[in-house]
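The stops below follow in order, each with something to select.

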Amino acid sequence: MENKQSSESAVPDVHKTIKAAFEAFDYESNNKVDVRTLFLREIGTIIYSLGCFPTQADLHDLIAQVEDQTGYIHLEKFLPAMTKVLMEHKFPSVPEDLLLQAFEVLDKGKKGYLEHAELAKYMTHEGELFTQEEMDEMLTALADRENNRVYYKDLINQWTIDPDM
């Protein structure tokens with residue numbers, strides 16, 4: 001019974017995390033995102049930003065569950081579906097320490113952040129490449145607007161969900 005209670009008490013934190021990820025792509029601040037203009041990769045970005053890494057088939061299935069007939073995904077439909085995914089650990093996640101190690105490898109100066117241009121270079125020239133458009137969208141959502149820095153420890157805290165939920 002105690003495990004169920006702790007799981008239920010974690011739901012508001014999960015909702016807060018999901019809303020923050022969703023709102024990064026809710027450009028009109030109307031609690032919905034347009035699948036027709038955001039395409040699969042942006043919806044995937046919302047889900048990836050929550051620390052979930054579904055297969056493309058799983059991503060398509062989730063979108064089919066939450067998309068309405070006009071091509072929108074509404075927060076009130078996305079929130080419970082994504083909460084269930086997170087609470088049931090449906091998609092594999094990356095452990096917090098592994099994410100931190102990955103960022104620290106890139107942060108050669110041990111500053112605690114990556115410059116906008118520095119991260120863009122890594123993401124568009126190494127590994128699984130992002131397009132410049134994808135990079136611009138991601139950095140708009142992730143970078144500190146005042147100084148164009150990505151403070152990765154803050155991101156990791158936003159991206160990771162307590163595995164004991």
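**Salt bridges, then cores**

This predicted model holds two salt bridges (a side-chain nitrogen of Lys or Arg within 4 Å of a carboxyl oxygen of Asp or Glu). Residues are numbered from 1 along each chain as its sequence is written, and side-chain values use heavy atoms, with hydrogens and water left out. Because the model is predicted, local features need pLDDT of at least 70 and side-chain atom pairs count only at pLDDT 80 or more, while totals for chains, interfaces and linings use all residues.

Select Glu115 and Arg149: their side chains form a salt bridge at 3.3 Å, N to O. Glu115 is in strand β3 (residues 114-115) and Arg149 in strand β4 (residues 149-150), so the pair ties together parts 34 residues apart in sequence (strands are DSSP E runs of at least two residues, helices H or I runs of at least four, numbered from the N terminus). Glu115 is partly exposed at 29% relative accessible area, and Arg149 is partly exposed at 24% (buried is under 20%, exposed over 50%, partly exposed in between; 1.4 Å probe, protein chains only).

Next, select Lys111 and Glu118, whose side chains meet in a salt bridge at 3.7 Å, N to O.

Now select Ile18, Ile47, Ile73, Phe78 and Met82, which touch the most other members of the largest nonpolar core, a set of 25 residues (buried Ala, Val, Leu, Ile, Met, Phe, Trp, Tyr and Cys joined through side-chain atoms within 4.5 Å). Helices α1 (2-23), α2 (35-49), α3 (56-66) and α4 (75-87) each supply at least two residues of this core. The largest share, eight residues, comes from α4. Apart from this core lies another, of 16 residues, including Leu99, Leu106, Met135 and Val150.
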